[in-house]
Structure formats: C-alpha cells, structure tokens
Amino acid sequence: MRVIRLLIALVCLAAGAILGALNRQIVSIDLGVGFIPATSLGIALIVALLIGALIGGLAISASVVLPLRRRLARAQRTVVAPPTIAGPEV
C-alpha cells in the first residue's frame, strides 16, 4: 500500500511540475472583493486545485465522517457492559 501511495504522490508532483512549467504566463486575478497581484499561471492553477481539494475534503468530512463518528459514539454508549464476576470478600 505504501508503494502505491508513493507512486500516486510522485505522479501528482510530476503533474504539478509539468503544469507549472507549461503555463509561465503572468496573470492577475480579480476576485471582486480582492485582488491577487501578478503571478505565474501555473502557480495560480496549482493553488486553485489545492484549495479545491481542501474544500472538498472538508465538505466530505462534515457531511460523512462527522455523522458516522457521532453514530459510532452513540452506539458505543448504548452497549451494555458485560457482568462482572464478584470475587470472594476479604
């Protein structure tokens, strides 16, 4: 499994390097409420992809992972503890 993760990481790193190398144009980005000064198009694309991945991960976490954790905690609280065997009184 580690080898597969390493290969995926290397492929993503290579794709980012290629994306940055092929898009050297200078762009300025106007967000309506703010302005990002002149930067390389490749950097802007990589940052946009990273921000999208982070927002997507947070959305998945909030909509799937957190409710499942709550259900698991609730299920663990309702499990009845096994009866304990009383030893001899001393």
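In which helix does Val3 lie? Val3 belongs to helix 1, where helices are DSSP runs of H or I with at least four residues, strands are runs of E with at least two, and both are numbered from the N terminus. The structure is a predicted model, in which local features need pLDDT of at least 70 and side-chain atom pairs count only at pLDDT 80 or more, while totals for chains, interfaces and linings use all residues. Residues are numbered from 1 along each chain as its sequence is written, and side-chain values use heavy atoms, with hydrogens and water left out.

The protein has two helices and two strands, and from the N terminus on these elements follow the order α-β-β-α. With a radius of gyration of 25 Å, well over the 12 Å that the globule rule gives for 90 residues, the protein is more spread out than a compact globule. That radius is taken over C-alpha atoms, and the rule is 2.2 Å times the number of residues to the power 0.38. The C-alpha trace spans about 85 × 40 × 25 Å along its principal axes. Of the 90 residues, 4% count as buried; buried means under 20% relative accessible area, exposed means over 50%, and partly exposed lies in between, with a 1.4 Å probe and protein chains only.

Met1 is found in the segment before helix 1 and counts as exposed, because its relative accessibility is 72%. Its C-alpha atom is 24 Å from that of Val64, which stands 63 residues away in sequence. Val3 is also exposed, at 58% relative accessibility. Together with Leu6, Leu7, Leu10 and Leu13, Val3 forms a nonpolar patch on the surface, with about 520 Å² of accessible area in total. Patches are made of residues with over 30% relative accessible area and no salt bridge, with like charges joined within 9 Å and nonpolar side chains (Val, Leu, Ile, Met, Phe, Trp, Tyr) within 5 Å. Accessible areas come from the Shrake-Rupley method with a 1.4 Å probe, and for residues only the protein chains shown count as cover. A salt bridge is a side-chain nitrogen of Lys or Arg within 4 Å of a carboxyl oxygen of Asp or Glu.

Helix 1 covers residues 2–22 and includes Gly16. Gly16 has a relative accessible area of 22%, so it is partly exposed.

Helix 2 comprises residues 41–78, Arg71 among them. Ile55 lies in this helix and is exposed, at 54% relative accessibility. From Ile55 to Arg71, 16 residues along the chain, the C-alpha separation is 24 Å. Val65, also in helix 2, is partly exposed because its relative accessible area is 34%. Its C-alpha atom is separated by 32 Å from that of Leu19, 46 residues away along the chain.

Arg71 itself is exposed, at 55% relative accessibility. With Arg70, Arg74 and Arg77, Arg71 forms a positive surface patch. Lys and Arg count as positive and Asp and Glu as negative, whereas His and the chain ends are not counted; the place of a charge is taken as NZ of Lys, CZ of Arg, CG of Asp or CD of Glu.
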